[in-house]
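Here are some notes from going through the model you sent over. Have the structure open while you read.

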Amino acid sequence: MMEKPKVALIAHDKKKIDLIMFVKENLETFKACELYATGTTGKFLSEKLKLIVNTVHSGPLGGDIQIGSMLVEGRMDFVIFLRDPLTAQPHEPDISALMRVCDVLNIPLATNLATAEALVVELKSILKNSKT
Ligand SMILES: O=C(CO)COP(=O)(O)O
């Protein structure tokens, strides 16, 4: 059987509830994945949904860069990053770096719920095929 897909889940503060709801709606799919998250997002996911999540530092303290480095090392397959486009972030350069690395390495990156839905369809298909 194929390894579990490795998925990074990240949300800015005003998008955290959206991410929790989205993951809750697709709980079985995400439970079948190996999950990673930035600090506060990961804490939320494990507290609210009892998910096992590997966390790195909080985004503003370098967490985005840590996820980026995992991408560079080939240790991440998908990124769902619900960004808040209406609030200035002190660590904008780190956010840009993470998204840039996704583009450099051709890693699927969803930055809004509509695209995140599409990634879930892909994840379901991968998980289904890994069983056969
Ligand atoms: O700021 C973030 C991503 O840029 C997210 O960090 P937290 O999950 O620690 O809130």
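1. First, a term: two residues are in contact here if their C-beta atoms, placed from the backbone, lie within 7 Å. On that basis, and skipping neighbours within four places in sequence, Val79 is in contact with Ala8, Cys102, Ile107 and Leu109. Bear in mind that this is a predicted model.

2. Val79 also turns up in the largest nonpolar core, which has 33 residues. Along with Ala8, Leu9, Tyr36, Ala37, Ile67 and Ile80, Val79 touches the most other members. As background, nonpolar side chains tend to be buried together in soluble globular proteins.

3. Take a look at the S3 end. Strand S2 (residues 34-37) runs parallel to S3, and three bridges join the two. Leu35 has Val53 in S3 as its bridge partner.

4. Which residues surround the ligand? They are Ile10, His12, Thr38, Gly39, Thr40, Thr41, Ser58, Gly59, Pro60, Gly63, Asp64 and Ile95. Helix H3 (39-49) and helix H4 (63-72) are the elements that each give two or more residues to this shell, and H3 has the largest share, with three.

Notes
Residues numbered from 1 in each chain as written. Predicted model: local features only at pLDDT ≥ 70, side-chain atom pairs only at ≥ 80, totals over all residues. Pairing = 2+ DSSP bridges. Helix = DSSP H or I, 4+ residues; strand = E, 2+ residues; numbered from the N terminus. Near = placed C-beta within 6 Å. Core = buried A, V, L, I, M, F, W, Y, C linked by C-beta atoms within 7 Å. Buried ≥ 20, exposed ≤ 12 C-beta atoms within 10 Å, placed from the backbone.
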